[in-house]
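Q: Hey, I've just opened this one and I'm new to it. Can you walk me through a few parts?

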Amino acid sequence: MQFFRFALFAVFLGSATAVADEPAAEPRPNWWPPFEVDADTLRVLEAINSVNAHQQPQLPLKFDRRYADTKPEVTPFRHVEPFKRHFLEQMEYTGAGRVIPEPDDVKTVRIGFLGPIEPTVSVATGGKSHAEDMGYQMLRGCQLAIEHANAQGGYLRRKVPFELVVSNDNGLWGASGEEIIKLAYDREVWALLGSIDGANSHIAIRVGLKIEIPMMNSADTDPTFIETNIPWVFRCIGDDRKQTYLLADYMYHKLGLQRVGILRASNRYGRFGVREMRDGSRRIGRPVPIEMAYFVGAEDFSLELQRLRDANVEAIVHWGDAGDGARILNQMRAMRMQQPFFACDRCLLDEFTKVAGENAEGVVCGSPWNPTRQDPKLDAFRAAYRARFEGEEPETYAAHAYDGMNMLIWATQVAGLNRAKIRDILAYRTQSWPGVTGDIPLSAVLDDAGEVYLGKRENGVWKYYTREELDIPAPPAPPVAQDARPASAVQ
């Protein structure tokens, strides 16, 4: 267990090492972090601690040459040069929050959690709530990160513990905003992580913008979530845009398919999840002949499947929950529809294979990470998670939440108790975060720009493949973070 704690603490520190006990040549300023960090982070700390309420730190902004791994053939307006391309330049926080002093009396350092952990009914999420299992995984990942941080001394500047403050995301648009307000003002959290549902998350981050509080998302893969360009919002999971680009490449360029139908959930997750698949297919020259939607939690999909069959589709792409996807697949095979079945990353959850059984063989899903890779950090996380939660295996929502919470903890340790500075430390981080889900580089819009994968069910297990392993040509060189300011503005 000591090995696990050591390995996980290394992740929490972001590859940092403890400050040596040797006396410094000169007194260090009070903003100096409690452990060693890279030179770029030190420069950010110096800049944000040297301004007054009327000044802005002149820090290099990130600029991406290409948005979200978009290949030229699926880039909107690729035949013309538009007046402006969005989401390439980092948004800047220009408020005065950096001068707010750290409070004197701090007994615990609170970080908020917002996720679906109690059943509710909401039109926005497709009727009866259906994300509690995912929410519990997310919550447990956060709990484990907090416990590991406390085992290593808690908030090191004050020697007080971190505290996770939990709120339920009940699926009602207005209520999610109210929970953010309670977390920020009543419970006085310094940052928060959440949620899963795209509609609720969109509301929450707009409230968070008004409050000015750092918000990490580890589970909402809606491509438009990060396109709000809110400078307080981060995401540590690869989105549906990147996953559908890889799926489209595999279906059209690797397998040579011509007619691919879409069957999706009739909620925001399904609607926005397939949007890039539909648009990308059209730009490639193979438009989707039919798109059908079903009610979340339905048992009979015969109408939708019959219409897909009548449209002579060669394959079906499903975007929805694991249980729905498995029931659709079973009914397809019962109707003797043998088309290949492609799906979103939710169908990689255990529920899918439990319900689909042998029919799951051959299914291909997009995935934001490779949970089977050989990585000591991931092995240590799995062992610690099983030990903490009675042998339960962590799924994607637990692992990504663990990474997202550790990123918030690290930024709080480095920046101190000031929301704007916590935000700055993450926003201007130049190195990839060494997570248990893999390296997490943040793009100009503070999204996870890391690699995504395809999971294929082969001989009863999921196997994960990169573009290179699938022999699919990669997009142009990945986005290179560079200074988006005029040279004269950088000091």
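Predicted model: local features only at pLDDT ≥ 70, side-chain atom pairs only at ≥ 80, totals over all residues.

Q: Sheet first, then. How many strands are in it, and in what order?
A: Seven strands make up an open sheet, and the order is 9-8-10-11-12-15-16, with mixed pairing.

Q: Which strands stand at the edges?
A: Strand 9 (291-294) and strand 16 (461-465). Each has a single partner strand, so one side of each has no neighbour in the sheet.

Q: And how much twist is there from one strand to the next?
A: The twist averages 25 degrees from strand to strand.

Q: Which way does strand 8 run relative to strand 9, parallel or antiparallel?
A: Parallel, with four bridges joining the two.

Q: What about strand 10, is it covered or open?
A: Mostly covered: five of the five residues in strand 10 (residues 315-319) are buried. Ala 315, Val 317 and Trp 319 point one way, while Ile 316 and His 318 point the other way.

Q: Which strands does strand 10 pair with?
A: Strand 8 (residues 260-265) pairs with strand 10 in the parallel sense over five bridges, and Gly 261 has Ile 316 as its bridge partner there. Strand 11 (residues 341-343) also pairs with strand 10 in the parallel sense, over three bridges. In that pairing, His 318 sits opposite Ala 343.

Q: Which helix lies across those strands?
A: Helix 10 (residues 322-334) lies across strands 8, 9, 10 and 11, and runs at about 170 degrees to strand 11.

Q: Switching to helices: how do helix 3 and helix 12 pack?
A: Helix 3 (residues 132-151) and helix 12 (residues 376-388) pack at about 105 degrees, with their axes 11 Å apart. The two are therefore roughly perpendicular.

Q: Which residues make that contact?
A: Helix 3 brings Gln 137, Arg 140, Gly 141, Leu 144, Glu 147 and His 148, and helix 12 brings Phe 381, Ala 384, Tyr 385 and Arg 388. By class, that's four nonpolar, three polar and three charged residues.

Q: Now the lysine, Lys 242. Buried or exposed?
A: Lys 242 counts as buried, because its relative accessibility is 5% and the cut-off for buried is under 20%. You'll find Lys 242 in helix 6 (residues 240-254).

Q: What does Lys 242 touch?
A: Its contacts include Ala 68, Asp 69, Asp 448 and Glu 451. A polar atom of the Lys 242 side chain also lies 3.3 Å from the backbone oxygen of Ala 449.

Conventions
Residues numbered from 1 in each chain as written. Heavy atoms only, no water. Axes fitted to C-alpha atoms, helices over the stretch in contact; angles between N-to-C directions. Parallel < 35°, antiparallel > 145°, perpendicular 65-115°, else oblique. Contact = heavy atoms within 4.5 Å. Nonpolar A, V, L, I, M, F, W, Y, C, P; charged D, E, K, R; others polar. Buried < 20%, exposed > 50% of the residue type's maximum accessible area, 1.4 Å probe, protein only. Polar contact = N/O pair within 3.5 Å; in protein donor to acceptor, adjacent residues only side chain to side chain. Pairing = 2+ DSSP bridges. Lists of a residue's contacts leave out its neighbours within four places in sequence.
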